[in-house]
Amino acid sequence: MKRVCLLLTLSLGLVLLLASAALARKATVHFFVVPQSIPAEQLSSLNDFLIKTAGGFTASRSMGGTMGSLGRDYSPENLSYTVAAPKNVAKEIKGYLKNNCGQKEVFMLVWPAERVE
């Protein structure tokens with residue numbers, strides 16, 4: 001009986017230990033900024049592209065300037081996007097912004113993350 005209880009306790013401990021690892025999944029987070037002056041039609045298409053490519057996005061208003069401007073090129077009309085995807089889709093997003101939204105340069109940060117559900 002003691003042996004069965006010990007085995008059950010060890011099994012339960014192993015299940016609990018591995019459960020969190022099983023729920024955590026690797027993901028890649030992409031953060032990029034686009035001007036809010038992009039026409040609404042193009043923003044809507046970008047949003048659709050992000051849903052199809054990565055499964056979704058979070059967008060918010062942001063403000064800032066260019067790196068070397070020291071505040072001279074202040075632009076309060078930006079949108080910041082955060083996109084988590086199962087893999088790195090930075091190349092696809094940058095290509096879409098350049099080809100479909102007329103962006104010459106794309107500011108993007110990418111880092112690995114774990115998605116916990």
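Student: Which residues does His30 touch, not counting residues up to four places away in sequence?

Tutor: His30 touches Tyr81, Thr82, Val83, Ala85, Lys87, Asn88, Val89, Ala90, Ile93, Met108, Leu109 and Val110, a contact being heavy atoms within 4.5 Å. The model is predicted: local features need pLDDT of at least 70, side-chain atom pairs count only at pLDDT 80 or more, and totals for chains, interfaces and linings use all residues. Residues are numbered from 1 along each chain as its sequence is written, and side-chain values use heavy atoms, with hydrogens and water left out.

Student: What makes the pairing of the His30 and Asn88 side chains a polar contact?

Tutor: The term requires a pair of N or O atoms within 3.5 Å; within protein, one must be able to donate a hydrogen and the other to accept it, and residues adjacent in sequence count only if both atoms are side-chain atoms. The two side chains meet at 3.4 Å. The His30 side chain also reaches the backbone nitrogen of Val89, at 2.9 Å.

Student: How do you know that the buried residues of α3 lie on the same side?

Tutor: In helix α3 (residues 90-100), the buried residues are Ala90, Ile93, Tyr96 and Leu97. They cover an arc of only 135° around the axis, so they lie on the same side of α3; the arc is that of the directions from the helix axis to the C-beta atoms. Exposed Lys91 and Asn99 are carried by the face turned away from the buried side. The elements covering the buried residues include β1, α2 (40-54) and β4.

Student: What makes Gln103 buried?

Tutor: Its relative accessible area is 17%, so Gln103 is buried. Gln103 sits in the loop between α3 and β4, and its side chain reaches the backbone oxygen of Cys101 at 3.2 Å.

Student: Why is the Lys26 and Glu114 pair called a salt bridge?

Tutor: A salt bridge is a side-chain nitrogen of Lys or Arg within 4 Å of a carboxyl oxygen of Asp or Glu. The N to O distance here is 3.3 Å. Lys26 lies in β1 (residues 25-35) and Glu114 in β4 (residues 107-115), so the pair ties together parts 88 residues apart in sequence. Both residues are exposed.

Technical notes:
Helix = DSSP H or I, 4+ residues; strand = E, 2+ residues; numbered from the N terminus. Buried < 20%, exposed > 50% of the residue type's maximum accessible area, 1.4 Å probe, protein only.
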